[in-house]
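Thanks for coming, everyone. Please look at the screen, and I'll walk you through a few places in this chain.

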Amino acid sequence: MEIIKRNNISLYKFEVGNSTFIVNPFEGARLLSWDIKNADSTVRSVIPWTNPEICGGRAMGDVFGGNPVIFPFPSTSFVGKTPDIWRTPRGDVRVMRRHGYAWVGKFDVVYSSDTVLKMKFVPEPECLEAYPYDYNFHVRYEFAETSFTSEMVLENKGDVPMPWGGGFHPYFTIPWVKGEPKRKYRLITDAAHSTYNVGDGTRYELKNLDKMSFGDGEMVGRILCGLKTGKLKIAREGGGSIDITINDNRKPDPSLVVVSWGKARDGDGDFFAVEPWLAPPNCATKPQHFAAPKSEDKLKMRVEVCGR
């Protein structure tokens, strides 16, 4: 591991085999990019970072790239039709920022090696007021030549269950073969339902699981539910894939969803996000997943490049 500077910001650089991973461990615990050097010395972008001028600060939240960490809740929270607030199980109404506070929040590095990085969230007063629980929240990465594993661990130190819906928001370079249309790339999953946000905290279902190409507009803002396994695949027509494994492929909790978001039109951003979340949007006021008292709860994601 090497500490490098970009725009006066300290970043951690991991080189494992032909892979290079760049992380901002102190703001958002965010993996910024993952590149692989090919045998012919060309470089393949797996996880893109679409604005090299920004690598720190709140502006990171506006960059389409990297692997943002979502905590404590995904998407926008509502009470009734009012956004950006939530009702706790005790009945308090509190502010809740979209995608929570870890997205661009402060972290401390607690361990690093040539292939492993572990960080602890340091909640600021705004987060402490919004999410009034006694907890520790860690994010851990392990890097390999053709893969990485990211894990978030919530330790509930208190005596009451903690509602949460943590998630990863990884962006992938699609297409990864320059000049190819996005329709040559598909998401393969065993989800039972395809749903979408209305924009007021409610969702509706469409019977469109036959539209799984990243060139299909149906992929934008889709929330996949009812997964039978923790296996996903981004497959390229003609060979090569990115394989995603959630929680070591244990049987998924009913609350687990996978969200796809990006731009389906060719030339309108060569990226798409495929995001495992512990619970669907608006799971703050309507909690579906809890960390039990005096225990830990986790979300783990392994991403592997298979073929080129």
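Let's start with a pair: L224 stands opposite V258 in strand 24. What we have here is a predicted model, with residues numbered from 1 along each chain as its sequence is written. Local features need pLDDT of at least 70, side-chain atom pairs count only at pLDDT 80 or more, totals for chains, interfaces and linings use all residues, and side-chain values use heavy atoms, with hydrogens and water left out.

Strands here are DSSP runs of E, at least two residues, numbered from the N terminus. Two strands pair if DSSP finds at least two bridges between them. Strand 21 and strand 24 are joined by three bridges and run antiparallel. Strand 19, residues 193–197, is also antiparallel to strand 21, with four bridges. There, T195 stands opposite I223.

Which way do the residues of strand 21 point? R222 and L224 go one way, I223 and C225 the other, and all are buried. Buried means under 20% relative accessible area, exposed over 50%, and partly exposed in between, using a 1.4 Å probe and protein chains only. In a regular strand the side chains alternate between the two faces of the sheet.

Now the largest pocket. Its volume is about 500 Å³. Strand 24 (257–262) and strand 25 (271–277) are the elements that give two or more residues to its lining. A pocket is an open set of points on a 1 Å grid over the protein atoms alone, where a 1.4 Å probe fits, with protein on both sides within 12 Å along at least five of seven lines; lining residues have an atom within 4 Å of a point. The volume is the space filled by probe spheres set on the points. The lining has 22 residues, and S75, R98, H99, W103 and H169 lie nearest the centre.

Next, T173, in strand 17, residues 171–173. Is T173 buried or exposed? T173 counts as buried because its relative accessibility is 10%. Its side chain makes a polar contact of 2.7 Å with the side chain of S45. A polar contact is a pair of N or O atoms within 3.5 Å, one able to donate a hydrogen and the other to accept it. Beyond neighbours within four places in sequence, T173 is in contact (heavy atoms within 4.5 Å) with residues including V46 and D270.

Last stop: G267, in the loop between strand 24 and strand 25. G267 is exposed, because its relative accessible area is 70%.
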